[in-house]
Amino acid sequence: MSVEKIIPKKTVFFVALSCCLQLVAFAQDPQPQWSAFTVYPSDIQISSQSDSQHVIAVATRPDGITVDVSDQVAWRLENPALARIENLIVYPTADGATELVGAWNGMEARVKLTLTQTATPRTVSFERDVMPVLTKSGCNTGSCHGAARGKDGFRLSLFGFDPLGDYQRITREIGIRRVNLAVPDQSLILLKATGAVQHTGGKKIEPGSKHYQTILAWLQAGAPADATRTPVVTKVDLYPRQAVLEGESSQQRLVAVATYADGTQRDVWDLASFTTNNERTAAVAFDGRITSGVRGEAFVMARFDTHTVGTQVLALPSGLQFQPQPPTGNYIDGLVDAKLKKLRLPASGLCTDAEFVRRATVDITGLLPTEEETQAFLANADPNKRASLIESLLSRKEFSEIWAMKWADLLMIKSKNEVSYKAAYLYYNWLINQIASNVPIDKIVRDLLMATGGTFQSPATNFYQVEQDRLKMSENVAQVFMGIRTQCAQCHNHPFDRWTMDDYYGFAAFFSQVGRKQSEDYRQILVFNTFGGEVNHPVGGAVVKPKFLGGVVPDTSGKDRRAVLADWITSTDNPYFAKSIANRIWAHFTGVGIVDPVDDFRASNPASNPELLDALAGKLVEYKYDIKQLVRDICNSQTYQRSTSPIEGNEQDLRNYSHGLVRRIPSENLLDCISQVTQTKEKFRGLPLGARAVQIADGATSNYFLTTFGRSGRTTVCADEATTDPSLSQALHLINGGAVSGKINQGGILNQWKQQGLTPEAIIDRIYFRCLSRFPTEPEKSRLMQLIQESGNPDVGLHDVFWAVLNSREFIFNH
Amino acid sequence: MECLRRCLRRDVLATVVMHAVVIGSFSITNASQPEANNLSAIGVQRGNSVEVQISGARVGDARELMFYSPGLSASNITKVDANNIKATITAAPDAKTDLHGFRVITESGTSNMRLFGVSALPSVAETEPNSEFAQAQAIPKNSTIEGVVLNEDVDYFAVELEAGERLNVELEGLRHSYMNDFFDPYVAVYDANRFEITANDDSVFLQQDCLCSMVAPAKGRYIIEVRESSFGGNERARYRLHVGDFPRPVAILPAGGPPGQPLTATCIDLLGNQWTETFEMPAESPTKIHSVWSTQGDKVAPSPNRVRVRAMPNVLETEPNSDYNAIPTSHPVPVAFNGILETESDRDYWVFEAKKDQQLDIQVFARLPLRSQVDSVLQIFKVGGGGLAGNDDNGNPDSYLSFKVPEDGKYAVCVSDHLGRGGKHFVYRVEVSVAEAEIGTTVNELERYVSQTVNVPKGARMAIETNMVRKNVGGEARIQVPDLPEKTNHSDGLVAADQGTIQLIFRADADAPSTSKLVDLKGTLTVNPELTLVGHLNQRTQLIRGQNNVDVWGRYDDRLAVTVVEAAPFDIEIVQSQVPIVRNGSLVLTINAKRNPGFDKPINVRLLTAPPGIGYSAVTIPGDQSTIQMNLTANGGAAIRTWPILVLATTDIGNGPITIASEFVQLEVADSLFNFKFTKTMAEQGKPVDVLVGVEMKRPAEGTIEVEILGLPPGTASPTPKLSLAPDAKQLVFPVNIPAETRAGNYKTVVCRGTVTSDKGIITQVNGNAEVQIDVPVAPPAAVAAAPAPMPAPAPDAPKEKPLTRLEQLRKEKGKQ
C-alpha cells in the first residue's frame, strides 16, 4: 500500500482518521521501513510572551519518499512547565530550556527549545509586525498600492522597501484619514482591508484574524513609529529542505523561521508568502501547505522580508519501479545519475558514432565534420576515439572563435554613436586574441573591469564605453559575470531574490569613480579611475559605500574600486563567478543550463542539479579558469554523449539530462555550415571573402540570414538575445531565400561530383554524408531516386535533393 | 543640385555665428569655389618632378598652384576638362621634407588647401599583387613607397636587413586625406616567419599616422604590412611610406630655446636611442613654433620635429625631483622647464620663485606642438605648503594655468601623465612666465569649416570679417595688410577699443594683373605707442572633418591667400540712408546694381556682417532689375552706434558664382522714438470699443508723426487706424468696430506702428502687444426680458467723457459700490 493512502488528503479529517489509518499502516505487509524521522524546526527559540512556533514532523522511507506525519506524532515537552503545545504550535509559559519530543512509529525526535522573556509581551512594531502583514496580504504589490503611483490614491513602497515612507503615508498623508486612533477598529486601513467599506482589492484580511489583530493592536497603541529600526532579518529557514512526495495529492506542511540580526528567531509561517515554480507538480497554498501533482520537480519558495528561500519538492508516481543504473563515466555522470536516481528517471543510451562526430564538431567548432573527418572517425576502431576527437577539435582555432563570439555578444561589442567601428573592431580583436591565447576567463574579466587607457590603445576599455551609465554598468557586470539580475533592486527590493536597494546601489558604487575623457582622436575615449565620486541612495540620498553583492563593505579608500571589485568577483571564494561561467559552458553543450536562463541565478530559480553545478564550478577553479579543460570534461561525459532519443520514462525530462536535447544550430554556425556544405563564401565587412559569420567583429554587421535566425543584436547583456527560436520567416528563407538554393548553385558542388562521374545514387550518398554525417537509409534512397527519375532531369532532381536535405530539421538541428 | 543644397545648409549654419538673425534664402559660400578633391600623386622626392592630375570641380581654368612654403613649384598646368587639370610639381633640392600646403588658383577663384609631401628618399610605386604575405613587394631600403589602400586591402612590402640594422617606417596617410575621407592607417613589421616585430596604429607623434622603429634581430627579410586600421580603405586612401635607416627622433630635449641662438638638444627615438644635434633657431617666430629636421650624415628625418621658440632660459631635469620640498634649486621667472616622464607614475617637480600678485602663465607643451606621448596633468604647490591649483586639459591634452601668486616665495610645478604612463621619449616642456601682452589676427569663415580666402574681382571689391585678438592688453588697434598683390588695396582696418571684429574690404583696380599672394594680416595697437606689439595672422584650415564636422586634422597658417580674379559683370552699391534705424524699428535699405551691358542674371545680396541686434533677410535682384530694397529690423537691444555695413553680391558667371562687396555705408542705430503704453481693452461682440494707447515721443522729431494700429482681431476694423500724434499728446484712441459675429477670445496680436516721415526718409518703430478681450454679451435677466420694454425716449447726447482704461473703469465701478 502506498503512502498516498496512508496520508489523508484533507487535514481536517486527519485527526479523526489517524488512529484508524495507523492501524491500516501497521497492517501492511511488508511494513514500510522508515529510515528517518525528523521534527522541524531543528532548534526553537522563543523570546517573548507574544511569540509561538509551529512544528512539523517528517518521516523518510529508505527509498527517499517523505511523509508529513505531524498529526500522527505524540508530542510532549521534557519540562511541561516551560511551554505547551497545541495544534502543532508551541506556546511559551516560562523562561528556561527544554526539549520538545515527538514520538512516532517507535521513533523519537528531539528539538531543543529555548525560552526567554516569556513574561514580557513584545510591543507591536510597525516595521517588524505591521509591514509583514501588509506584505503577506499583498497590499504593497505592484498591481496594488505598491505601484509607482499607488492605487486609488494610496501608495506603499513596493514590497515594503521603504518602511519609513510607508509609515508616513499611512499615518500622515491626507491628514489622519487612514488611521482613527479614537476608534481604532474604524480606521480606514482596517475597514478597507477587511472589505467593510468599498475596496478595489476586495477583502484581504479576515476580521479577527491574527493579521487583523496585529494591525489593530498597533492602532490601539496609538499607531506609534518605531523608536529604533527593527533589526534586519539575516536569514530565513524553510523546513523541510526537501520533500519527496509519492502519488498525486500527497501533502506536506512547511515551517518558516526568520532569524534577526539581534539573534532572535521568529515563526513566520503565517507571514511568509509561498510560491511554487511548478504548479502542476507541487501546488502550494496560502498557508504553505504543499500538494503534490504530476510527476516532476518543483521548488516551493517562501518570501519574507527581503529573503526568498526554497525547498525542493519531487513528486513521484505511486508504486514506481525504478532500477538505478550502475554509475559509469566521469564525475559529471555520477552527479547527473544521482539526480536521475532521485527522480527515478531512466537515462537514454549513448548516441551513435555518426551522431557523435556531428554533434561534437558542431558544438566545439561551429562547423560540420567534413566527409573525410566523418569517414575517418567512423572507421576508427580505437575505443577512445571519442576522446581523441574531442581533443583534436579543442585544438582548432574555431573553438576559440565560438567563445569569442559568445563573449562578444555578452559584452555588446557593436559600433554605434559612442563606439566607432574601429573601437568595436579593436575590442573584438582583443577579445579573440585573449581567448585564442587561452587566457583564463578570470584574467580576462579582471582586465575588463580594471581597463584603463584609450579605447584604441587599450581596447578592453571599451567595456566602459559600450555602457556609460554606471547603474546599468553594475547591472551588466552582475549579470554577465555572476548571472545575477539586480535590475529590480534599482527601484525596490527584489521581489524574488535577496537583493535590496542597498545591495544595488552598494554594488553600483564600485563604478562611481570611472572617468572618461575625449582623446585627441574624437573617436577615442580615455577611461581612467578618478578616485572621486559617489553613489547616493534614492531613498534618503545618503552616500552608499561600495558593497559586494551579498558580501561585505570592503576598504576602498585610496584604491581603484574596480580593482577591489575585480579581486572579489574573480576570487575563488566568490560564490557566483565560477558557477555562472560553468553554467554558461554547460548550457552550450547540453542545450539547457543547470540554472536556466543561464544568467538568472536567484533563490526563486534554483539549479536543477546544485551538486553538479558546484562540481563544475569547482573544476573550473581547479583548472584555473581554463574553459578548454572543462569543455573536455563535459564532452567526454556520457551525459553529453547520450542519445537525443528519449526512452520510456524520460520523455518529459528537459532539465535533468536523462537524454540529449535536440538543439537548433545557432545562426552564425548555421550559416557557416550551409556555406561549408555548399562550398560557398560569404562577405562581411572588414573580413576577407569567405570569412565565417562567427568571425564578425562588429555586432552592427549582419545580414538577413543572421538576423532572421536570431543572431544577437548585442543591445543587452542577456544571454537569450541570441535566440534559436523558430519562426516562419526562417522556414520561408530556407525554402525560398538565397541561403540554400542560391548557395547550391553558387557552390557548384553537384556539378563537380557529376564531372567526377558519380552516379545519382552516389551523389545522394555524398549529400547525406556531407550534411548529416550519415548515409541515407534504403527507403530514403529509393524514394529520392524515384523523385529524381520523375523530375526528368537528374540535375534538377539532385538539386532538389540537396535543397531538401538542407531544409530538413536533421540538418539545421544538432542532435 | 546636391551641391546647391549643401551650400544652403552650410549657409544656414554659417549665419548662426553672425551677430544678428539672418534669414538666408541663398548662399555665398566657397563651395562654389574651385575644389581639389583628388590628387593622382601626393608627393615627390626633392630635386625631382612629378606630374599630378588634380580632380575636383571648376579647376579647369587653373593658372597657378599657390604653395604655402618655399621649395615647390608647379609648371605645365594644363586643362584636362572643366574639373581636371594636370600639372608638374617640382621640389627643389633644398625643399624641406614635410607636407606642404597648396591651393589651386583659377581665373575665378581659389581652391581648398591640399597637402603635398616632399621626401628625401627615392619614390617607389606600390605594385599589386602585394596583398598576401607571400606576395610582399620587394623594396629597397631607404625608399618612399607611394601606395593606396583599397577597401579591406592589405599591402605587404619586403625589405632585407642585416642583423642589428635600424629600420624606421613612417607613414603619411591620414594627413593626406581630405574632408570626410578618413584614412586611418595601420603598419606592422613581421619577420619572415610572420612573427610581429613591431606594429603601430596611431603614433601620437604623427597623429593617427603610423611610425615604427626597430632593430633587426637577425639578418633576413622583413615584411611591412600597411592597411586601414579596421580594414577600410578606398581609392582615395593614398599613402607615402618612408622606409629606411634615417634618423627619426620623436622627442627633442630641451623642446625649445631662445630665438636666434643655436639649440643643442638631445634627440630621442621610439626605441629610446639618444643622440645630440644642434639646430638653428629663427631670430623671430610669430607663432613661437619652429620646425627642425634631425640629420645624420646624408640622411634626414622624413618630417620635422617642432620645438618652441621663446626668449627664456632652459632648465633641464635633474633627478631626484619627485619631492618638491627637497629640490635645492629654484629658478626666477621666466623659465622653461624641460623634462621626461621616464617611468610609470613618474611625477616631476620644478621650483621657481615668484612675487606676490604676479599673474603667471604656466603652460605645459607636450602634445602640442611637440607631439609627445605625454597627456599632461599640471599642479602647483607652495614649497613648504600644499597644493594650490591644477589643470588636466586645456582644450587639448596639454595643461595650462593662469596663476596669481598669493605671496612671495618658492613654488613648485608638478607635471605627470594623466594615466601615469612614462617612457624614454615622454618629453614635455613647461613655460612659466609673467603674463605678457599679446595680440594677433584671425579671419572668420564665410562658409563654416572652410578656411577663408579672398578673391578680389578686377575693378571691384571683396570683403571679409577679421578679428583682432588681444590678450592681457586692450585699446584701439588697426589691422593692415602689407604686401598685397599689385594694384590692390584694402579699407582702413581700424578696430575700436571695444570691438574685436571688423569688416575689411579688398579692392582691385580694373587693370590689376591676375596675380595671387599669401599675405599677413598685421595687427598693431594705435594707442600705447610704447607698446611695440605686432600681431600676425593665425588661420586654421580644417583638412579632415569627422562625425558632426568635428575637426580631426588641419593646420595653422600665418598667411591668407588673396587672389585677383576676373572682373564681375556688375557692380553693387548701397544708398546711404539719411535717417537712423531705431530700436524696435525698421529701415529700408536701397541697393543698386550697375549691370554691364547684356548682363541679366539675378544677383543675390546679403550683408557681410549685421550689427548687433539688427536682422534682415537676404534679397535677390531679379535679372531685369537693378534695384532692390532690403528691410532691416532692429530689436529692443540693438547696439546704439553708427556701424559701417556692406553687402556681398553674388551671381553665377557660368563657371560658378562670383562675389563682390559693396563699399561701406554707415548705419545709424538710435534709441527708440516712441514710448507706447498698452492696456487691456474689454469688448463685447456687436459693440464698438475704443482701444486706448498711451503714447509719447521720447525726443522731438522732424516730420509728420503718425501712429497706426495693426493686428486687430479678425473681422474687426478701426475707421481711423492711423492717427497723427500731437507733440504733447499722451494718449491715442482708436475706435474699433466689433461685429457680432467676431469670435470671442483674448487677442494679443495688436501692435502700434509709429512713423516719422520727412524728406530724408521714414523712421519706423513698431511696438506691441496690446491685448483685446472680446466677450460674448451677458444675457439680460429673464424677468426684464419678459416685461415688454417701453419704447425708449431718445436720450440726449451724453456729455463726452474722457475715455477710460480698463483699470480706470474697474476703479470707477468699485467706487460706485
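**Figure 1. A:Lys385 is buried, at 7% relative accessibility.** Buried means under 20% relative accessible area, exposed over 50% and partly exposed in between (1.4 Å probe, protein chains only). This predicted model is read with local features at pLDDT of at least 70 and side-chain atom pairs only at pLDDT 80 or more, while totals for chains, interfaces and linings use all residues; side-chain values use heavy atoms, without hydrogens and water. Residues are numbered from 1 along each chain as its sequence is written, with chains lettered from A and ligands numbered from 1 in the order in which they are written. The side chain of A:Lys385 meets that of A:Asp353 in a salt bridge (2.6 Å, N to O), a term for a side-chain nitrogen of Lys or Arg within 4 Å of a carboxyl oxygen of Asp or Glu. The pair links helix H8 (residues 353-365) and helix H10 (residues 385-394) of chain A, 32 residues apart. Helices (H or I, at least four residues) and strands (E, at least two) are DSSP runs, numbered from the N terminus.

**Figure 2. A salt bridge joins A:Lys517 and B:Asp392 (3.1 Å, N to O).** The pair crosses between chains, from strand E22 (residues 514-518) of chain A to the loop between strands E34 (387-391) and E35 (400-404) of chain B. A:Lys517 is buried, at 11% relative accessible area, whereas B:Asp392 is partly exposed, at 23%.

**Figure 3. Four strands of chain B form an open antiparallel sheet in the order E43-E41-E46-E47.** Strands E43 (493-495) and E47 (534-535) stand at the edges, each with a single partner strand, so one side of each lacks a neighbour in the sheet. Two strands pair if DSSP finds at least two bridges between them. B:Gly523 stands opposite B:Gly535 in E47(B).
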